[in-house]
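Please examine the sequence and the three-dimensional structure shown below. The paragraphs that follow proceed from a single residue to the whole chain.

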Amino acid sequence: MVDLLLGLQWGDEGKGKIVDVLTKNYNIIARFQGGPNAGHTLEFDGIKHVLRTIPSGIFHEDSTNVIGNGVVIDPVVFVQELDGLDQFNLDYKSKLIISRKAHVILPTHRLLDAASETSKGKAKIGSTLKGIGPTYMDKTGRNGIRIGDLELPNWKEKYRTLANKHEAMIGFYNVDIQYNLNEMEDEFFAAVERLKELQFIDSEEYLNQALTSKKTILAEGAQGSLLDIDFGTYPYVTSSNTTASGACTGLGIAPNKIGEVFGIFKAYTTRVGSGPFPTELFDETGAEMARIGHEFGAVTGRPRRCGWLDLVALKYACQVNGVTQLSMMKGDVLSGFKTLKVCTAYKYKGETITHLPFNIEEENVTPIYTEFKGWKEDLTKMRNASEFPKELNQYIEFLEKELDIPIKIVSVGPDRTQTIHR
């Protein structure tokens, strides 16, 4: 069976850390969607490392890391990641393999992203400008360049045709985008040659053969469920399916091969960029959460908006994904708050509801809160659930009862060792 690991909020839940913790139980870690706007942060042995495209099992000697067909890859960013791994003396050429069906982010995709976002003015969606949306548009428009194309002798001709089309589209947006495409292309083509030193595979065959051989596989998602192109807070979403179904299409795995679904959520809620956020805090409490939690994007550096845990949205994400067990991250950040709140329902167009409606914009939704007494204890030094303060246990037990899913892991800090199994 293939186990899945997914974020249940708007991303930034701490998925990379839990993948790193769980990798010892798996032969293969496979990334199934998204692009290099996702930053999976790992901390161990006093080192902090941010991965963007490469699966979070790369630091484990015994794991093979697969980048699936559902991922979009920027060769320039990818080579920067490889350079960052060089200091660890990792044999990534034998441990890291890439699907031939994964699509390639071109320099002009990034330019298109910037032109599109600039043209929207105040209505912008908060794109990270990494070219991911335009790359998925070319994928569904049947124009894209895939990793397997890089093995063909005429791939640069295909590139030129698509890049010329992109430049014409940039002109259509009629915005002032300054760029030097020749320079960008020099860097891009050099990165492609480095990328071609890695092994390209027919990943769906590889993974299904691995299952036949009784190898264990963990599928690693990027972003979060509320950013899913179908089930997220559209249009303020990413361009891929971040939910469990995306693992099937992003790896070529049949639904009946899915085993455990690990759902990751923060003990509170954060969001980067634009879009509705019912429990967002605009006061000192929200600012304090951001300060204590170091809430800045691992890749973009953008500050994250903070708010109380939204149980309505979390239930929805658990339902859509079929979550079987939960990991609660950043419980340590809530230490010291006198009162904690959890949103358990919405006031929606005059009635009380407990499901996520079509539109959760501020004018339609008012959160209804249940309050809890906070705790003062510093959780970061704790290594066993028996050390937890009574109030934290009450908080966890309430969430388990409401979600009807066990919380098996509680994270009390960023390091690998600050992971408590219940």
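Two residues are said to be in contact when heavy atoms of theirs lie within 4.5 Å. This is a predicted model, in which local features need a pLDDT of at least 70 and side-chain atom pairs count only at pLDDT 80 or more, whereas totals for chains, interfaces and linings use all residues. Residues are numbered from 1 along each chain as its sequence is written, and side-chain values use heavy atoms, with hydrogens and water left out.

We begin with T279. Helices and strands are DSSP runs numbered from the N terminus, a helix (H or I) having at least four residues and a strand (E) at least two. T279 is placed in the loop between β12 (269-271) and α10 (284-292). Which residues does T279 touch, not counting residues up to four places away in sequence? They are T269, G307, W308, L309, D310, C343, P367 and Y369. A residue is called buried under 20% relative accessible area, exposed over 50%, and partly exposed in between, with a 1.4 Å probe and protein chains only. T279 counts as buried because its relative accessibility is 0%.

A polar atom of the T279 side chain lies 2.7 Å from the backbone oxygen of W308. By contrast, T279 and P235 are 19 Å apart in space, C-alpha to C-alpha, and 44 residues apart in sequence.

Strand β11 comes next. This strand, residues 258-266, is mostly covered, with seven of its nine residues buried. Two strands pair if DSSP finds at least two bridges between them. Strand β1 (residues 2-7) runs parallel to β11 and is joined to β11 by five bridges; here V2 stands opposite I258. Five bridges also join β11 to strand β15 (residues 325-329), again in parallel, and K266 stands opposite M329 in β15.

Among the helices, consider α2 (residues 75-85). Helix α2 is largely enclosed by the rest of the structure, because nine of its 11 residues are buried. Those buried include P75, F78, E81 and L85. At the N-terminal end, D74 caps α2, with a side-chain oxygen 2.9 Å from the backbone nitrogen of V76.

The cysteines may be considered next. A disulfide is a pair of cysteine sulfur atoms within 2.5 Å, and a search of the whole structure finds zero disulfides. The sulfur of C248 is too far for a bond, because the closest cysteine sulfur, in C318, is 18 Å away. For C318, the closest cysteine sulfur is that of C343, at 14 Å, which is also too far for a bond. C248 counts as buried at 17% relative accessibility, and C318 is buried with a relative accessible area of 7%.

Finally, the whole chain may be viewed. Its secondary structure comes to 12 helices and 20 strands. Buried residues make up 58% of the 422 residues. Of the contacts with a separation of 6 or more, 77% are between residues 24 or more positions apart. The C-alpha trace spans about 65 × 50 × 40 Å along its principal axes.

Terms used:
A polar contact is a pair of N or O atoms within 3.5 Å; within protein, one must be able to donate a hydrogen and the other to accept it, and residues adjacent in sequence count only if both atoms are side-chain atoms.
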